[in-house]
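Good morning, colleagues. Please bring up the structure on your screens, and I shall then take you through its aromatic side chains.

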Amino acid sequence: PVSADVFNEAFMRDVAATTIEDMITTYSAGAGSAIASPGPSAANSQPGDRNANSFVALRGLTAPTMQRDGFMPVNTYIQSGAHGTGFSSNYNVERVEIINGPQSLLYGVGGAGGVMNIIGKQARFGKKPFGAVQFQVDQYGHKLEQVDFGFGNDRIAVRVAATDQFAQGGRRLFVGGPMHGLYVQLAAKLGNTVVRLNTERSDYDRLV
């Protein structure tokens with residue numbers, strides 16, 4: 001048995017999640033934010049603020065590593081997110097796993113409170129062409145557009161996701177955006193082996 005919270009694409013759509021950090025701190029029990037210098041940083045802890053050396057905390061302990069597909073860290077010591085400090089867009093994410101307890105050592109690195117694993121959108125074999133278009137506006141007028149498309153036969157498959165967004169909504173203007181991203185995964189079956197090739201380009205401009 002594994003103590004874990006798993007957030008899939010359907011859940012992320014239902015709660016209109018745009019960042020992994022906001023979703024985790026809102027919906028994963030015991031999750032919050034760990035700031036290296038909480039006293040001086042208390043005044044700038046609103047959505048969109050950049051706090052160096054700040055990370056998501058699980059069960060009261062810092063979770064310094066966010067894994068991509070179980071093996072690749074997507075952050076550094078100073079930058080705590082995949083696209084910017086404290087910011088990881090979920091436009092190219094199929095599932096987010098929060099693994100707590102002793103199983104947090106599953107990937108060989110992580111905090112004592114737990115580990116975060118991000119699963120990218122997968123190209124599926126034997127899948128008829130499918131797609132989705134999303135347009136979202138929050139209460140502050142920030143806009144988000146996303147496109148997701150994929151198909152596959154018995155031997156090859158492809159998945160494409162793109163986004164154009166003012167990345168982080170908040171009551172203040174011109175903080176935390178815009179962001180443009182493109183993600184592609186190609187998959188092929190070579191005998192009994194499946195080969196997957198991922199490519200991604202994301203540009204995130206933190207204006208203030």
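Predicted model: local features only at pLDDT ≥ 70, side-chain atom pairs only at ≥ 80, totals over all residues.

The structure contains 4 aromatic pairs. In one of them, F11 and Y27, the ring centres are 5.2 Å apart and the planes meet at 90°. Planes over 60 degrees apart count as edge-to-face, and therefore this pair is edge-to-face. F11 has a relative accessibility of 25%, so it counts as partly exposed. Y27, at 42%, is likewise partly exposed. Ring pairs also bring in F7, which forms a cluster with F11 and Y27.

Let me turn to another pair, F87 and Y204. Here the ring centres lie 4.5 Å apart and the planes are at 35°, so the pair is classed as tilted. F87 sits in the loop between β6 (72-73) and β7 (93-100), whereas Y204 is in strand β13, residues 193-204; the pair therefore ties together parts 117 residues apart in sequence. Are these two residues buried or exposed? Both F87 and Y204 are buried.

Finally, the charges over rings. K127 is positioned over the face of F130, 5.5 Å from the ring centre. K189 lies over the face of F125, with a distance of 4.9 Å to the ring centre.

Thank you for your attention.

Terms used: Residues numbered from 1 in each chain as written. Heavy atoms only, no water. Phe/Tyr/Trp six-rings, centres within 6.5 Å; stacked < 30°, edge-to-face > 60°. Buried < 20%, exposed > 50% of the residue type's maximum accessible area, 1.4 Å probe, protein only. Helix = DSSP H or I, 4+ residues; strand = E, 2+ residues; numbered from the N terminus. Lys NZ or Arg CZ within 6 Å of the ring centre and 35° of its normal.
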